[in-house]
Amino acid sequence: MSKKGSEFVCQSCGAVYAKWQGKCDACGEWNSIIEEKKGGDGFSNISTQKKGKMIDFVSLSGEEKAINRIQTGIKELDRVAGGGLVPGSVILVGGDPGIGKSTLLLQVSASVSNLDGNPECYYISGEEAIDQVRIRAKRLKLEQSPVHLASATEIKDIIATLEKSKASVVIIDSIQTMYLDEVESTPGSVAQVRACAYELIKLAKKKGFVLFLVGHVTKQGSIAGPRVLEHMVDTVLYFEGERGHHFRILRAVKNRYGATDEIGVFEMQDQGLMEVENPSALFLAERQGNISGSCVFAGIEGSRPVLVEIQALVCPTSYASPKRAVVGWDSNRLSMVLAVLEARCGMNLSSQDIYLNIAGGLKISEPAADLAVAMAVISSMTNKPLPSDTVIFGEIGLSGEIRAVSQPNSRLKEANKLGFKSAILPANIGAKEKKTNRVDLAIHEIGNVQRLINWFS
Ligand code: TYD
Ligand code: MG
C-alpha cells in the first residue's frame, strides 16, 4: 500500500494507481510504475477553498490578432513549424540520441540571434558542459553568434533568470535533465518532467518567447516518459534519420499553428546540418539506371513533392513460409499489394521471398506508392528493368483497380524538373486535373493491375 501522501504513477503514460502493480493497465507497459509524492506536480494542489469568478463568453467571430512569426533563417524548420515560429509557442523536439537535436537547436539559436535587432536567444543545456557546447559551436563556425549559453538544471534558477530577460527564443536541452526542488522524484520521471515543463510553459506564455524543449525518445519511439508532455505543448516535432545515412528528417506530428504532414530535410555534414532544398535530387543521387526491381515513385510529403527510388528483390524461398522484409514502407500494405497481384494477375508469389526497400532511408506512408511497389516487384520477378526515366504513382484497390491520388500535377512537375521523360499514373485522374496544363512528359495511364503485366511482356 502507498504511504500517506504518495501514489503510484506509470512513467510511460502517467496513469495513477493507489498501490503498486507490475503492469500498467492503461498502456500495457511492464515495470513502469513507481511511487511518487502526491501533489508535487503542480496540478493537484488546487485549493478548494477559494470561490471561482465568472468567466466571459464571446462570439466565434471577432478580430484575430495578426501573428508575427519569427523567420529563423533555417527554411526547412520554418516550413515544418507552419511558416515560422509563433511567439509564446512551445515546441517539443524529440529524437533518438545522437540524431542531431542539439546541433539543430544550436544552429537555430545562432541563426535567430543574428537576425535584425539581435533577438535574445538562450540555450540552456542540462546534458552538456559549457565547453562541450562551445566545441560544437566552434565546429559549426557559430562561436561569434550572440547566443546566451548556460549549463543549468534547476528550474527555479532558470525561471528567475528568464523572468528578467527579454528572451525571444529559449532552448531547454533536455527536459529530462531538468529538476524542480518541490517534486520528490528523480529528474526524468513523469512528475519532474511534467512539473518542469509546466513551469517553463507558463513563463513562455507570459513572456511571449518561443520555447524549445528537447525530449528523448524511448525504445518504442515515443518521447520518453510522458505522453503527457505531448499534450502540454503546441507543436511536437520528431527528428529522424537512419544510422548510416547522412540525411535527417524533421517531421511535425502535432502543430497548433500549421499543418502536420510537413517535413524538413537536412543533411548532416562536418559543419553541422545543411538544409536540403531539393530532396528528390538527394534521394535519387545513388540510383543506377536500367536495373530490374527498381523504380522511381513520385510522392508528396506535406506540401512538397519528393521523388524516391523503390527497390524490390524477388527470389525463390528456401523457407517453409516465404520471407517478406520491408524497410521504409508499411508491411501490411505490401501484403495487400502482393495479394492483389496474386488474385487479379495470377502471379505466383507464395514460393518467393520478397524484399522491399525505400532507398536512402526515407519512410513513406502514402498509399500512392502502391503502383510503384507493384511495378518494382513485377520488374524484379520478370528480371526486366523499367525505363530509368519514368516516374510512377497510383493507389491499388482490392479489386485491382488503380485509383487516383492527390496532387498529380505537383508530382509530374517535380519529375519534369528532374529530367524524367515519362510517367505511369492512374487512368481515372479527375477531369479537372486533365484540363490543367500537363508538363512535358509522356503520360501512360493504367486502369487496373492486369494491364501492368503487359508492360513487362
Ligand atoms: P547531437 O546534436 O549531439 O545529437 P542529439 O542532441 O540528438 O543527441 O548530434 C551528435 C551527432 O552528430 C554526433 O554523432 C556527431 C554528429 N555531428 C556531425 O556529424 N557534424 C557536426 O557538425 C556535428 C556538430 C555533429
Ligand atoms: Mg543532445
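Predicted model: local features only at pLDDT ≥ 70, side-chain atom pairs only at ≥ 80, totals over all residues.
**View 1. Helices α4 and α5 packed against each other.** Helix α4 covers residues 155-163 and helix α5 covers residues 190-207. Their axes lie 10 Å apart and meet at an angle of about 5°. Angles under 35 degrees count as roughly parallel, so α4 is roughly parallel to α5. To find the contact, look on α4 for I155, I158, I159, L162 and E163, and on α5 for C196, E199, L200, L203, K206 and K207. Sorted by class, this contact has seven nonpolar and four charged residues, with no polar ones.

**View 2. The largest pocket.** This pocket has a volume of about 370 Å³. Its lining consists of 21 residues, and G100, S102, T103, R136 and M268 are the ones nearest the centre. At least two lining residues come from each of α2 (101-113), α3 (130-139), β8 (210-216) and β11 (263-269). Helix α3 gives the most, with four residues. The lining of the largest pocket is made up of six nonpolar, eight polar and seven charged residues.

**View 3. The second largest pocket.** Here the space comes to about 320 Å³. Of the 18 lining residues, E286, R287, E309, A359 and G360 lie nearest the centre. Two or more lining residues are given by each of α7 (279-283) and β14 (304-316). By class, the lining of the second largest pocket has six nonpolar, nine polar and three charged residues.

Terms used
Residues numbered from 1 in each chain as written. Chains lettered and ligands numbered in written order. Heavy atoms only, no water. Axes fitted to C-alpha atoms, helices over the stretch in contact; angles between N-to-C directions. Parallel < 35°, antiparallel > 145°, perpendicular 65-115°, else oblique. Contact = heavy atoms within 4.5 Å. Nonpolar A, V, L, I, M, F, W, Y, C, P; charged D, E, K, R; others polar. 1 Å grid on protein atoms, 1.4 Å probe; cavity = no way out; pocket = protein on both sides within 12 Å on 5 of 7 lines; lining within 4 Å. Points joined across faces, edges and corners; volume = space filled by probe spheres on them.
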